[in-house]
Amino acid sequence: MHKFFANWYGLARPEPPSETLNSRWAGIEAYCQGIQKDSAFELVRLFFGLPLHDESSEDTFRQSFKDADTAFFMKDNNLEVQVLAGSAIISILEQVPSHATDATALAVLCADCRSLRAPMIFNDVILYARDYIAKETDRVRQSDVLSTVEITAPIQTQELKALGSALKDGSLQTTPDLLVKLLEKSMTAMVELSRATEKSVSALRSNLENQQEETNILWWLFGEQSRDREKYVGDIDLPGLCLLVGKELADLTILQPGSRPAPAFMDRMLRTGRANLPASTTIAEAVNSSSREWRRAWMNSGDPTTFGDISPVHFATSKSLETEEASAWIPMFESRTGLKAAHAIGPLDLAIQTYQESLLLRLAKQ
């Protein structure tokens with residue numbers, strides 16, 4: 001059981017007995033074991049109070065607790081379920097890193113939308129997601145050490161000489177164990193060599209991907225050119241540039257779940273050719289000031305509406321293409337995401353949001 005679970009669960013049911021805590025945590029462990037990305041996304045929706053893609057997913061989640069405690073309510077306890085969903089998310093984030101854990105952490109941060117939503121019942125879920133991303137982005141970029149081959153039972157020179165002598169004088173038939181022993185040692189050496197080679201190739205691939213990513217990002221930064229629009233970024237309207245740099249940096253990011261210095265990279269591009277950045281912009285301004293052609297090309301690269309509630313910037317951009325009027329898409333956006341399109345957000349925050357959403361949508365496809 002997580003050391004803070006009693007604190008979290010107490011928000012829904014003050015001073016719960018230890019038996020209840022144990023059964024609830026058992027339900028969390030049962031549900032989260034081997035969880036897939038789609039189920040993790042539904043947990044994020046439950047926690048944030050967003051509409052579920054599969055209505056049966058909530059019943060499945062509730063059933064995990066019913067199986068552990070027959071007294072668990074299957075309805076009329078939404079606050080308890082929300083707390084349990086948040087606790088389950090944290091449980092997932094503490095599993096061995098994988099595509100599912102990466103996607104869960106990114107989904108939490110994207111749904112939070114740089115804290116534009118009303119404060120959640122407990123903020124630890126956001127904090128754990130941020131901490132996971134920070135640690136995991138560092139871990140995947142650590143240079144791997146190439147393996148050295150260590151043969152546990154090398155064939156000795158005297159053993160080879162003994163085999164040679166047995167072959168010459170014809171005594172091998174009377175000493176078959178000698179040949180069997182040498183064959184066993186040879187097979188063991190081949191297996192150990194194969195494993196060391198595989199590990200070294202994996203380390204080389206990881207190191208090369210890291211270097212390729214760094215090189216591509218450096219060219220992008222120093223070139224100060226938009227890859228998509230083939231234009232000096234200082235000449236692009238700032239609100240739309242927030243989306244552009246977030247999307248382009250995500251394109252250049254190879255290692256999931258992102259790059260720790262990504263905010264610094266995007267901040268530099270946003271400031272290119274500008275003395276100062278405005279304190280804020282809005283999602284509506286950013287979407288409407290972006291080239292319609294660019295928006296269409298961006299949205300053609302995937303299906304953002306599938307995760308529209310979790311990736312609000314992508315959803316806004318997609319809906320903006322369904323109408324010629326600049327504000328016609330806003331009611332649909334606000335109804336689906338629960339966010340205000342005119343809510344003030346810092347330019348860098350909007351770029352980070354776009355960056356993380358782009359990484360999330362890529363992970364969702366894997």
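## Secondary structure and overall dimensions

The chain of this predicted model has a secondary structure of 16 helices and two strands. Its C-alpha atoms occupy a box of roughly 95 × 65 × 30 Å along the principal axes, and the radius of gyration is 28 Å, whereas a compact globule of 366 residues would have a value near 21 Å.

Of the 366 residues in the chain, 48% are buried. When contacts between residues at least 6 apart in sequence are considered, 73% of them join residues at least 24 apart.

## Confidence

The chain has a mean pLDDT of 91, with 97% of its residues at 70 or more. Confidence is lowest in helix α8, residues 157-169, where the mean is 78, and highest in helix α11, residues 262-271, where it is 98.

## The nonpolar core

The largest nonpolar core has 93 residues, and the residues with the most contacts inside it are Leu 43, Phe 48 and Phe 61. In soluble globular proteins, nonpolar side chains tend to be buried together.

## Helix α6

Helix α6 covers residues 99-112, and its 14 residues reach 20 Å from the first C-alpha to the last, close to the 20 Å expected at 1.5 Å a residue. Because 13 of these 14 residues are buried, α6 is largely enclosed by the rest of the structure. The residue that follows α6 is Cys 113, which has a positive phi, near 55 degrees.

## Helix α13 and its surroundings

Helix α13, residues 292-299, has Arg 292, Trp 294, Arg 295, Trp 298 and Met 299 as buried residues. Viewed down the axis of α13, the buried residues fall within an arc of 160 degrees, and they therefore line one face of the helix. An α-helix has 3.6 residues a turn, so residues three or four places apart point the same way. The elements that cover the buried residues of α13 include α10 (238-252), α12 (283-289), α14 (312-320) and α16 (347-365).

Two residues show this packing in more detail. Arg 292, which lies in α13, has a relative accessibility of 18% and so counts as buried, the cut-off being under 20%; apart from residues up to four places away in sequence, Arg 292 touches Ser 320, Leu 321, Thr 323 and Glu 324. Thr 317 belongs to helix α14 and is buried, with a relative accessible area of 0%. With the same exclusion of residues up to four places away in sequence, Thr 317 touches Leu 243, Val 287, Arg 295, Trp 298 and Met 299, of which Arg 295, Trp 298 and Met 299 are buried residues of α13.

Leu 21 lies in helix α2, residues 18-32, and counts as buried at 10% relative accessibility. Although Leu 21 and Met 1 are 20 residues apart along the chain, their C-alpha atoms are separated by 8.6 Å. Met 1 is also one of the residues that Leu 21 touches, together with Phe 5, Ala 6, Tyr 9 and Pro 16, when residues up to four places away in sequence are not counted.

Definitions and conventions
Residues are numbered from 1 along each chain as its sequence is written. This is a predicted model: local features need pLDDT of at least 70, side-chain atom pairs count only at pLDDT 80 or more; totals for chains, interfaces and linings use all residues. Side-chain values use heavy atoms; hydrogens and water are left out. Helices (H or I, at least four residues) and strands (E, at least two) are DSSP runs, numbered from the N terminus. The expected span of a helix is 1.5 Å times one less than its number of residues. Buried means under 20% relative accessible area, exposed over 50%, partly exposed in between (1.4 Å probe, protein chains only). The arc is that of the directions from the helix axis to the C-beta atoms. Contact means heavy atoms within 4.5 Å. A nonpolar core is a set of buried Ala, Val, Leu, Ile, Met, Phe, Trp, Tyr and Cys residues joined through side-chain atoms within 4.5 Å. pLDDT is the predictor's confidence in each residue, from 0 to 100. The radius of gyration is taken over C-alpha atoms; the globule rule is 2.2 Å times the number of residues to the power 0.38.
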